Amino acid sequence: MYEIDEPKDFLESAALLIPALTGLSVTIYDHDMAVLDQFESRYCFSPRLQRIYTAQGLQGYLANASEDFIYDILETLGSRLVLFKAGSRWVMLGPYVEEAWSDHQARLVLAQAEASEAAVSSYKAYRCRLPICKNSESVRMAYLIIEHSKGKRQRQIKEVCLDEKNMQNALTFNEAYAD
C-alpha cells in the first residue's frame with residue numbers, strides 16, 4: 001500500500017492534477033528563493049534572452065506585479081508563462097509553447113536573437129521538452145485556480161511580450177542542453 005500525503009488546499013491539488021492531466025508545469029512561489037532557483041535550473045535556456053526565467057528576474061518581476069492581473073508572458077524564444085496570485089502565493093503555469101517544433105521557425109527565432117546556427121540542436125533539446133498548450137487553456141486554468149482560492153477573484157489578463165534579444169553578449173545557454 002502506498003502512503004500519499006493529502007493536499008492541504010485546492011491550489012496544492014491543482015498543482016498535482018494539472019501536470020498529470022496536461023503536462024503543464026505548476027510552480028507555487030511563496031517567497032522561497034529555492035523555488036525560483038529550481039525554476040531557473042529547469043526552464044531557463046538562455047539567461048540573457050530569458051531573463052524572466054532566471055531566479056532574479058522572476059523575483060524582481062513578482063515583487064512589482066499586481067495581484068489584480070493574470071500575466072500572460074511571451075518571452076523572446078517563443079515560450080509562454082502565465083503568472084497570477086492565488087491567496088498569498090504566486091502561481092506559475094508553464095513554461096509551454098503553442099506550436100510543435102519547426103526547424104524553420106527555430107532558425108528564425110535564433111537568427112532574430114543573433115545566435116549561431118550551432119545552437120539549433122541545443123535549442124531543440126530545450127524546446128521539445130516544453131509541453132504544447134493553447135494559451136486560452138492555460139488562462140482558463142488560472143481562472144479555475146483563482147475561483148477556488150482566497151483572494152481577489154476579478155482579474156484582467158495583462159499580455160506581456162518580452163523582447164530581450166537586443167541585449168549585449170552572445171547567446172549563452174544552460175549547460176544541461178549542450179551536446
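**View 1. Strand E3, residues 80-86, is a mostly covered strand, with 7 of its 7 residues buried.** Buried here means under 20% relative accessible area, with exposed over 50% and partly exposed in between (1.4 Å probe, protein chains only). Strands (E, at least two residues) and helices (H or I, at least four) are DSSP runs numbered from the N terminus. Arg80, Val82, Phe84 and Ala86 point one way from E3, while Leu81, Leu83 and Lys85 point the other way, and all are buried. This is a predicted model, in which local features need pLDDT of at least 70 and side-chain atom pairs count only at pLDDT 80 or more, while totals for chains, interfaces and linings use all residues. Residues are numbered from 1 along each chain as its sequence is written, and side-chain values use heavy atoms, with hydrogens and water left out.

**View 2. E3 pairs with strands E2 and E4.** Two strands pair if DSSP finds at least two bridges between them. E2 (residues 69-74) runs antiparallel to E3 and is joined to E3 by 4 bridges; look for Tyr71, whose bridge partner in E3 is Leu83. Their hairpin has 5 residues between the strands, and there Gly78 takes a positive phi near 95 degrees. With E4 (residues 89-96), E3 pairs in the antiparallel sense over 6 bridges, and Arg80 has Tyr96 as its bridge partner in E4. In this hairpin, 2 residues lie between the strands, and Gly87 takes a positive phi near 65 degrees.

**View 3. The largest nonpolar core has 34 residues.** A nonpolar core is a set of buried Ala, Val, Leu, Ile, Met, Phe, Trp, Tyr and Cys residues joined through side-chain atoms within 4.5 Å. Ile73, Leu81, Met92 and Tyr123 have the most contacts inside this core. Its largest share, 4 residues, comes from H2. Leaving aside neighbours within four places in sequence, Leu81 is in contact (heavy atoms within 4.5 Å) with residues including Phe39, Tyr53, Leu58, Ile73 and Met92. A second, separate core of 18 residues includes Val26, Ala86, Ala142 and Ile146.

**View 4. The largest pocket holds about 430 Å³ of space.** On a 1 Å grid over the protein atoms alone, a pocket is an open set of points where a 1.4 Å probe fits, with protein on both sides within 12 Å along at least five of seven lines; lining residues have an atom within 4 Å of a point. Grid points are joined across faces, edges and corners, and the volume is the space filled by probe spheres set on the points. Of the 23 lining residues, Leu74, Leu77, Gly78, Gln105 and Val109 are the closest to the pocket's centre. H4 gives the largest share of the lining, 4 residues.
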